[in-house]
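Take a walk through this protein chain with the model in view.

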Amino acid sequence: MSSFSCWGLPAALLALLCCPGSGETAFEVHAWPERLVVETKGSGKVNCSTSCAQPEKGGLETTLSKTLLDQQPQWQWYLVSNISEDMGLLCYFICAGKQRSKLLNISVYQPPRQVVLKLQPMWVTAGKPFTIECRVPTVEPLESLTLTLLRGREVLHSQSFDGGAPAPQEARVMLNSTADRKDGHLNFSCLAELDLRPRGGDVFRSFSETQILEVYEPLPDNQMVIIITVVSVLLFLFVTSVLLCFVFGQHWRQRRTGAYGVRAAWRRLPRAFRAQPA
């Protein structure tokens, strides 16, 4: 067997791989960005491109509203609008009768604009329990959210969430704690952090308004006894004074009516009886 016949088949295969004109045309399709993160009902720009020098056709397949901003033979620039849910877009090109495509994933989000912190109760005795509650009315996606309860700069509790329904939801975290003396000198707050970096986005942070816990020292037992005794004595003196005023008032009235009672009765008698000698 000749040397040509031994090397002929590998050489032919190598020629097919290295020379696109000798067989199937090789080209690539790219989508930029690879992952698009937009706010709910928002819009984003998408670029579809290809390595094919003279593509026959290309475009962006989507059910969303799209606007062609600019184009060249090897790329197209689109504005996609009114994005309300997670979905995929498809960039495609046809080159030498062969079609190839590239998928671009879109993620929607709603940042934590409102963070509400509540202390219940806001006035508490040292050593007694109280509750810290943090609430974010609407946020999306929930699995990217973390709520952190803070006392001053100290982290009291941090909680992440599991994915739920594909729509804005309310996030809530509660912590039961015991009032300490130092709590009355520190501000309580809540940090909501929406981390979209794994999806190709940014980090959104929002703080609640600070809340102050009023902490009172418990009264000692002997001090409580003193207070009860003083209140009892004052109450006794008040009742006694009321009774004395009533008794003296009745006595004064009786004395007054007793001195002038005979004269009043004598005046009411007929004059004939008063004229008779005794």
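Begin with the link of Cys 52 and Cys 95, which is right-handed, with 65 degrees about the S-S bond. Keep in mind that this model is predicted. The S to S distance is 2.0 Å. Are these two cysteines buried or exposed? Buried means under 20% relative accessible area. Cys 52 has 5% relative accessibility, so Cys 52 counts as buried. Cys 95 has a relative accessible area of 6%, so Cys 95 is buried too.

How many disulfides does the whole structure hold? A search finds three. Another of them joins Cys 48 to Cys 91, with an S to S distance of 1.9 Å. Its torsion about the S-S bond is about -55 degrees, so this disulfide is left-handed. Cys 48 lies in strand β3 (residues 42–50) and Cys 91 in strand β7, so this pair also ties together parts 43 residues apart in sequence. Both Cys 48 and Cys 91 are buried.

Cys 134 and Cys 190 form a disulfide as well, with sulfur atoms 2.0 Å apart. The link of Cys 134 and Cys 190 is left-handed, with -85 degrees about the S-S bond. This pair connects distant parts of the chain: Cys 134 is in strand β11 (residues 129–139) and Cys 190 is in strand β15 (residues 187–195), 56 residues apart. Cys 134 is buried, with a relative accessible area of 0%. Cys 190 is buried as well, also at 0%. Now count the bonded cysteines along the chain: the pattern is 1-3, 2-4, 5-6.

Return to strand β7. It is part of an open sheet of four strands, in the order β2-β8-β7-β4, with mixed pairing. The edge strands, β2 (35–39) and β4 (57–61), each pair on one side only. On average, neighbouring strands of this sheet are turned by 20 degrees against each other, direction ignored. Look at where β4 meets β7 (residues 87–95): the two run antiparallel, and five bridges join them. Lys 57 has Ile 94 in β7 as its bridge partner.

Val 230, Val 233, Leu 234, Phe 236 and Leu 237 make a nonpolar patch of about 490 Å². Phe 236 is placed in helix α2 (residues 221–268). Exposed means over 50% relative accessible area. Phe 236 has 56% relative accessibility, so Phe 236 counts as exposed.

Technical notes. Residues numbered from 1 in each chain as written. Predicted model: local features only at pLDDT ≥ 70, side-chain atom pairs only at ≥ 80, totals over all residues. Heavy atoms only, no water. Pairing = 2+ DSSP bridges. Axes fitted to C-alpha atoms, helices over the stretch in contact; angles between N-to-C directions. Patch = residues over 30% accessible without salt bridge, like charges linked within 9 Å, V, L, I, M, F, W, Y side chains within 5 Å. Areas by Shrake-Rupley, 256 points an atom, 1.4 Å probe, with all protein chains shown as cover. Salt bridge = Lys/Arg side-chain N within 4 Å of Asp/Glu carboxyl O. Buried < 20%, exposed > 50% of the residue type's maximum accessible area, 1.4 Å probe, protein only. Disulfide = S-S within 2.5 Å.
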